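Subject: Structure handover

Hello,

Here is the structure for you to look over. My notes on what turned up in it follow below.

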Amino acid sequence: PSRSMSVRTYQPSVRIGNWQEDVALQEQAMKEFIRRRDAGELVSDRTEKILNAAVEPHPVSKSEDGSVHYGDTVTLLNVKTGTRLAYVISSLSRPSDLLQVTGSLGETPQKRSVLTIGPSGAAMQPGATINYEDKFSFGCSDPFGTERLLHSERISLHGGASKVSGKQAVNVRPAEPGPKAEDVWKIVPVNLQLRLEHEGTPVPANAPVLIQHAASGHYLAIQADAIVRSQLATEPEVVCGPATPASQWILQTAA
């Protein structure tokens with residue numbers, strides 16, 4: 001028996017259905033695309049704006065007396081790797097997100113790698129010298145204008161582990177609704193046996209120190225074998241852990 005077959009009875013150029021509505025929708029979509037393109041609202045435009053803002057050069061403070069002070073802007077330069085602590089941001093990031101922290105190879109201070117040393121708890125006057133064992137916070141801002149604080153938490157069943165190495169994670173969190181104990185840091189000498197002798201003396205700028213997370217007692221460090229890939233770069237993870245050569249940092253100010 002013969003089978004009936006569906007055969008197209010119109011040419012490709014023949015307009016069928018409500019073709020006028022289809023054309024109108026296409027024209028409207030094109031107009032909207034052009035408007036968004038001209039207004040810089042396309043995803044590619046947003047990505048470029050965010051990434052460019054994160055890596056734009058940013059000034060740091062100049063230390064007149066060789067010490068570090070409340071209110072100073074600094075970069076944290078890792079002695080072992082030559083990388084600077086910096087947050088990672090992408091086109092998918094939101095102002096409410098935690099931003100992961102890595103070691104950036106950028107030679108000059110950038111928005112994402114500059115931190116402001118702020119008080120923790122009791123108010124301190126800007127310009128007051130920071131001493132060894134003083135507690136303080138590290139603040140920064142992102143391309144959205146969100147103020148953030150350098151943050152870390154002990155690993156627990158609820159989280160706290162870094163994405164790559166699984167060690168105690170370090171990130172920058174939105175500063176609101178206010179400071180937490182996990183945002184507090186302090187400076188100790190590289191030689192921990194001299195800790196008592198250094199306590200209460202000024203922290204030097206541009207010299208190696210250890211940066212201790214006050215709540216956990218662990219030290220800020222570069223985890224060189226844990227690589228984070230992002231839209232910005234491929235960089236090593238920053239974590240908290242025991243004191244090692246990768247835990248030595250310089251609070252770098254302008255010459």
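First, a definition: rings of Phe, Tyr and Trp pair if their centres lie within 6.5 Å, and planes over 60 degrees apart count as edge-to-face. Please note that this is a predicted model.

The aromatic pair. The structure holds one. Its partners are Phe 136 and Phe 138. The ring centres sit 5.0 Å from each other, and the planes make an angle of 85°. That angle is over 60 degrees, so the pair is edge-to-face. Phe 136 has 1% relative accessibility, so Phe 136 counts as buried. Phe 138 is buried too, because its relative accessible area is 0%.

The core. The largest nonpolar core has 33 residues. Phe 138 is among the members that touch the most others, along with Leu 76, Leu 85, Ile 117, Ile 211 and Leu 220. Strand β5, residues 135-141, gives the most to this core: three residues.

Ile 117. Which residues does Ile 117 touch, leaving out those up to four places away in sequence? Both Phe 136 and Phe 138 are on the list, as is Ser 137. Others include Val 68, Tyr 70, Val 74, Ile 130 and Leu 251.

Lys 186. This lysine is found in strand β8, residues 185-188. Buried or exposed? Lys 186 counts as buried, because its relative accessibility is 16% and the cut-off is under 20%. Beyond four places in sequence, Lys 186 touches Glu 133, Asp 134, Phe 136, Arg 195, Leu 210, Ile 211 and Gln 212.

Best wishes

Conventions
Residues numbered from 1 in each chain as written. Predicted model: local features only at pLDDT ≥ 70, side-chain atom pairs only at ≥ 80, totals over all residues. Heavy atoms only, no water. Core = buried A, V, L, I, M, F, W, Y, C linked by side-chain atoms within 4.5 Å. Buried < 20%, exposed > 50% of the residue type's maximum accessible area, 1.4 Å probe, protein only. Helix = DSSP H or I, 4+ residues; strand = E, 2+ residues; numbered from the N terminus. Contact = heavy atoms within 4.5 Å. Phe/Tyr/Trp six-rings, centres within 6.5 Å; stacked < 30°, edge-to-face > 60°.
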